[in-house]
Amino acid sequence: MTYPGASGPGVIDALQHGDPHGSVWRPAEVDVSIRPGWFYHPVEDSRVRSAENLLDLYFTSVGRNGKLLLNVPPTRDGLLHDADIRALSAFNDRRRAIFADDLAANARPRWRTISATTAVHEIDLGHDIEINVARLAEDITPGQRVARYTLEGAADAGWKPIARGTTIGYTKLERFESVRVRRLRLTIEAAVDTPEPVSVELYRAS
């Protein structure tokens, strides 16, 4: 893709990594096909992405603040092949099951701004729970601000790191080994502007 009057390494870098001081929020678009190619071929009926592969794709696209554009080509009869339908249906069931119950929905959160570019979000869950997925989300109305963060958990012992990342944006999904926690702490270690409260949802995927 080319842009009139746009050239040089600076432009390429901006297209690949964005501009943290830009004036618009423009997430990446992830274009992939459910099959090896973009069009339907009978020889690819056994090479359709599995439900688990589609779930991994979801976590690494939508889960990284991107937009997933999944190509599902129709057959020559203008219909979707049964193999594609089965994969999509199983993926949908798997995704819905993971995000059906936010274990932090009734938690008591506390947000503290530490400085112009740092903040801490603590959650007391009231009892120990086992989690392996976290969904973080910024209110992007005033813009995307978080540039680096650490998510920690604690039960009886002290705080232990669960996940680390850079941008959050509209959605950041973190998957990690199952851990039992009573308290969660999200530390915003760097931001391009004063951090605003970040939403934290917790799940346990089987």
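## Hairpin, helix and cavity

Arginine 112 sits across from valine 120 of strand β4. This is a predicted model, where local features need pLDDT of at least 70, side-chain atom pairs count only at pLDDT 80 or more, and totals for chains, interfaces and linings use all residues. Numbering starts from 1 along each chain as its sequence is written, and side-chain values use heavy atoms, with hydrogens and water left out.

- Strand β3 covers residues 108–113 and runs antiparallel to β4 (residues 119–137), with six bridges joining them; strands are DSSP E runs of at least two residues, helices H or I runs of at least four, numbered from the N terminus, and strands pair if DSSP finds at least two bridges.
- Five residues lie between β3 and β4 in this hairpin.
- The number of buried residues among the six of β3 is zero, so β3 lies largely in the open (buried means under 20% relative accessible area, with a 1.4 Å probe and protein chains only).

**Helix α2**
- Ala51, Leu54, Leu55, Leu57, Tyr58 and Phe59 are buried in α2, residues 51–59.
- The cover over those buried residues includes β1 (29–33), β2 (67–71), α3 (82–98), β4 and β7 (172–191).

**The cavity**
- There is one cavity of 30 Å³ or more (a set of 1 Å grid points, over the protein atoms alone, where a 1.4 Å probe fits but cannot get out).
- Glu138, Asp139, Pro142, Gly143, Arg145, Glu196 and Pro197 line the largest cavity, each having an atom within 4 Å of a point.

Conventions
Buried < 20%, exposed > 50% of the residue type's maximum accessible area, 1.4 Å probe, protein only. Contact = heavy atoms within 4.5 Å. 1 Å grid on protein atoms, 1.4 Å probe; cavity = no way out; pocket = protein on both sides within 12 Å on 5 of 7 lines; lining within 4 Å. Points joined across faces, edges and corners; volume = space filled by probe spheres on them.
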